[in-house]
Structures are given as C-alpha cells and as structure tokens.
Amino acid sequence: MKVLVTLLTWNRRKILKRILNSLLKRNDELDILAWDNGSTDKTCDLLKSMDIETINSPSNIGVFAATSKLWMEAHRRGYDFVINLQDDFPCINTIPINDMIQYLNENQDVGFILLNNKTTESYGEDDIEAFD
C-alpha cells in the first residue's frame, strides 16, 4: 500500500517545525508532500531545511483548491491513500501515521480517520506561542 502524507501550509513557520518533528518522530520513511500556499514568513525555507518536498504556489489559492491539487498529485503518482494534514493545529502528541496505515490495511472498509479534534481544550494561544 502506497501512502502519501500531504500537508497544506500558509504562513505557519512558527508551529510547522513542531508539527513536522511530531510527524517524523514516531513514523518511519514517510512520503510527505507539502503545498505552500504563498507564504511570506519563510515557511518554504523551513520545509527545504527539513528536506520536505514542497509545491510552492505563488499565491494563496485557498484550502480546497490546494488540497484538491495535492490529492490529484497523489493520484498521478500512484498512491493508494492520502493522509491529509493541516498546519493549523499543534501536535501535542506524536502522529501515529504508521499505526493508521496498519489499521487501514487491516480494515479495508474504513475510508476516513479523524486525527485531531480541534477544540480550545486541545490547545490555546499560549501553546502556539510556546512553539517558537
């Protein structure tokens, strides 16, 4: 099973490193493709420094258009599954991508897994600023 982890980002350099470190900490050899939606805060430099393949959009084309382009690229490359991550939540815990892949392999009837419930109880502005 070929799985591509996609990450849509826009001006999130301050928290993106933590998100990526959380993703990479627990998971082996992931294929990751990022879409930078026209960031002006050196997000692209961070992705490059972490060796994350990135498609750089010259402007912000919106969440749905960018996500659609990532999914079409995954399909073009022959991936079976896409695990779509957004950059607007800090990862307090490591992201168990390998566990999700195993679960999908064992449960062919599953098509969607909720990874993160974005609530103010999960994080607040103090948490985000602590990532700097």
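How many salt bridges does the count come to? The count comes to three salt bridges, a salt bridge being a side-chain nitrogen of Lys or Arg within 4 Å of a carboxyl oxygen of Asp or Glu.

This is a predicted model, in which local features need pLDDT of at least 70 and side-chain atom pairs count only at pLDDT 80 or more, while totals for chains, interfaces and linings use all residues. Residues are numbered from 1 along each chain as its sequence is written, and side-chain values use heavy atoms, with hydrogens and water left out.

View A. Helices (H or I, at least four residues) and strands (E, at least two) are DSSP runs, numbered from the N terminus.

**View B. The salt bridge between R77 and E53.** The closest N and O atoms of this pair are 2.7 Å apart. R77 belongs to the loop between α3 (63-76) and β4 (81-86), and E53 to strand β3 (residues 53-56), so that the pair links distant parts of the chain, 24 residues apart. R77 is partly exposed at 26% relative accessibility, and E53 is partly exposed at 40%.

**View C. Salt bridges of E73.** E73 meets R76 in a salt bridge (2.6 Å, N to O); both lie in helix α3, three residues apart. E73 is buried at 14% relative accessibility, whereas R76 is exposed at 60%. R77 also forms a salt bridge with E73, at 2.7 Å between the closest N and O atoms. A network of salt bridges links E53, E73, R76 and R77.

Notes
Buried means under 20% relative accessible area, exposed over 50%, partly exposed in between (1.4 Å probe, protein chains only).
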